[in-house]
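Student: Hi! Could you walk me through this one before I set anything up?
Tutor: Happy to. Here it is.

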Amino acid sequence: MITLKKEDGPADLDGVTHLSIGVSWDPTVGSSGGLLGKLKQKKGTDLDLIAIAMQGADPVRLAGLDSLDPLGNGSLVHSGDNQTGKGDGDDETVTVDFAKVPSNVTAIVFVAAAYKKGSSFQSARNVSIKVYDATGGSSQQVADIWPSLLTSDNGCAVAKAMRVGAGWKLQVINETGKIKQGDEHALMRFAISK
């Protein structure tokens with residue numbers, strides 16, 4: 001079993017054929033309380049988990065938002081957009097089947113973001129990002145990443161899977177930053193910078 005910590009640097013994914021990353025969050029009432037606060041909680045908060053496939057320094061495919069299988073072969077699959085954070089367990093997941101990832105993809109950057117206009121990390125609570133070894137069809141948690149609640153940023157670079165020879169390594173990043181909401185190019189530039 002692998003264990004992943006930011007301080008440990010890139011971890012070899014030897015023996016890991018499938019990797020899943022999931023993000024979960026709970027909607028918060030916020031400081032308004034009362035009826036307005038209850039309506040905001042009922043509406044929920046929309047955070048997004050996005051995986052960006054890189055070819056060298058160039059982003060070439062994006063899993064998430066409205067693209068669930070951007071490589072078209074099941075190698076990088078998003079579970080779909082949860083717009084409220086309601087429910088138990090992970091609200092959005094991305095699963096990588098390393099054997100199917102095309103050879104021109106050299107890295108995959110995973111980003112959690114308050115991407116859509118009007119969404120924010122401040123309107124969510126208990127934001128948690130989990131990394132699973134999903135080899136063999138079972139999911140064994142290998143990392144739990146908690147971005148800071150004090151940030152006013154709206155993006156968190158979670159982790160980066162990098163092709164190294166015939167294998168892969170995974171680096172936990174857990175760095176926040178600002179992304180212009182609704183701008184895919186800004187999202188990709190944020191991923192490239194990590």
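Student: In what sense do strand 2 and strand 6 pair, and over how many bridges?
Tutor: This is a predicted model. In it, strand 2 (residues 18-27) and strand 6 (residues 92-97) pair in the antiparallel sense, over 6 bridges.

Student: Which residue in strand 6 is the bridge partner of V23?
Tutor: That would be E92.

Student: OK, zooming out. What order do the strands of the open sheet come in?
Tutor: The order is 5-6-2-8-9, so 5 strands in an open sheet, with antiparallel pairing.

Student: And which strands stand at the edges?
Tutor: Strand 5 (76-78) and strand 9 (140-145) do. Each has a single partner strand, so one side of each is left without a neighbour in the sheet.

Student: How many degrees does the twist average from one strand to the next?
Tutor: The average is 20 degrees.

Student: Switching topic: how many helices and strands does the protein chain have?
Tutor: There are 2 helices and 11 strands. Along the sequence, the pattern reads β-β-α-β-β-β-β-β-β-β-β-β-α.

Student: What share of the residues is buried?
Tutor: Of the 194 residues in the protein chain, 47% are buried.

Student: How about the accessible surface, what does that come to?
Tutor: About 9300 Å² for the protein chain, and carbon and sulfur atoms hold 51% of that.

Student: Last one, on contacts with a separation of 6 or more: what percentage is between residues 24 or more positions apart?
Tutor: In the protein chain, 66% of those contacts are.

Key: Residues numbered from 1 in each chain as written. Predicted model: local features only at pLDDT ≥ 70, side-chain atom pairs only at ≥ 80, totals over all residues. Heavy atoms only, no water. Pairing = 2+ DSSP bridges. Helix = DSSP H or I, 4+ residues; strand = E, 2+ residues; numbered from the N terminus. Axes fitted to C-alpha atoms, helices over the stretch in contact; angles between N-to-C directions. Buried < 20%, exposed > 50% of the residue type's maximum accessible area, 1.4 Å probe, protein only. Contact = heavy atoms within 4.5 Å. Areas by Shrake-Rupley, 256 points an atom, 1.4 Å probe, with all protein chains shown as cover.
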